[in-house]
Amino acid sequence: MNCPFCQGLQTGVIDSRDNEETVRRRRECFSCKKRWTTIERVEGLDLKVIKKDGSKENFDREKIRRGVAKATWRRPVSMAAIEGLIESVEQDLRVKGAKEIKSWEIGNLIIERLRSLDKLSYLLFASVYRDFTTIEDFEQEIAKLKSDELSDKK
């Protein structure tokens, strides 16, 4: 790996830390002695997403991040929690092992995780994902949330 500071070719790993989906490495340049951190992640999914209209596109982690970030904007949800949600969705997709998946399946994976993360963010995401068009759509979803909370308390 080239040093990002001096472009030197002689670099080494000082420390490595693994977590579920990434490896964090602390590196040092032997020429300029500067240090930096790299994060390695399993290569993205080789997966085609089948959209509602039947068209296909490559799986895009950033698209999920943007959607979840919009839903959680100004909510008490950290970027680490969002990253965890995305990694969890990707892990489920890897386990499935499919080459193609319908967009609504990915949406369902996101929605179930977002629901436990932050109820209002879940509602905002669901309103777009499920294409809410009336106030009654919101009221029905809120009623479901309330009934689930009551059954969880029992």
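So, threonine 11 stands opposite cysteine 29 in β2. A quick word on terms: strands here are DSSP runs of E with at least two residues, helices are runs of H or I with at least four, and both are numbered from the N terminus. Two strands pair if DSSP finds at least two bridges between them. And please keep in mind that this is a predicted model, where local features need pLDDT of at least 70 and side-chain atom pairs count only at pLDDT 80 or more, while totals for chains, interfaces and linings use all residues. Residues are numbered from 1 along each chain as its sequence is written, and side-chain values use heavy atoms, with hydrogens and water left out.

Okay, back to those strands. β1 and β2, which covers residues 22–29, pair in the antiparallel sense over 7 bridges. Further along, aspartate 15 has arginine 26 in β2 as its bridge partner. Then β2 is joined to β3 by 7 bridges, and these two run antiparallel as well. There, threonine 22 has arginine 41 in β3 as its bridge partner.

Now some rings. The structure holds 3 aromatic pairs. One of them is phenylalanine 5 with tryptophan 36, edge-to-face, at 6.2 Å centre to centre and 70 degrees between the planes. The pair links distant parts of the chain, with phenylalanine 5 in the segment before β1 and tryptophan 36 in strand β3, 31 residues apart. The rule is that rings of Phe, Tyr and Trp (its six-membered ring) pair if their centres lie within 6.5 Å; planes under 30 degrees apart count as stacked, over 60 as edge-to-face and the rest as tilted.

β4, residues 48–50, is joined to β5 by 3 bridges, running antiparallel, and isoleucine 50 stands opposite lysine 56 in β5.

How do α1 and α2 cross? The axes of α1 (residues 61–72) and α2 (residues 79–96) come within 10 Å and cross at roughly 135 degrees. α1 and α2 are therefore oblique to each other. The cut-offs: under 35 degrees is roughly parallel, over 145 roughly antiparallel, 65 to 115 roughly perpendicular, and the rest oblique. The crossing of α1 past α2 is right-handed, meaning the near helix is turned clockwise from the far one by less than a right angle, with anticlockwise being left-handed. Residues in that contact include Ile64 and Val68 in α1 and Leu85 and Val89 in α2. They divide into 8 nonpolar, 1 polar and 5 charged. For those classes, Ala, Val, Leu, Ile, Met, Phe, Trp, Tyr, Cys and Pro are nonpolar, Asp, Glu, Lys and Arg are charged, and the others, Gly among them, are polar.

Next, α2 packs against α3 (residues 103–117) at about 140 degrees, with the axes 10 Å apart. That makes α2 oblique to α3. This crossing is right-handed. By class, the contact of α2 with α3 has 9 nonpolar, 1 polar and 4 charged residues.

Last pair: α1 and α3 pack at about 35 degrees, with axes 12 Å apart. Ile64, Val68, Ala71 and Thr72 of α1 make the contact with Ile106, Ile110 and Leu114 of α3. That contact has 6 nonpolar, 1 polar and no charged residues.

Note on methods
Axes fitted to C-alpha atoms, helices over the stretch in contact; angles between N-to-C directions. Contact = heavy atoms within 4.5 Å.
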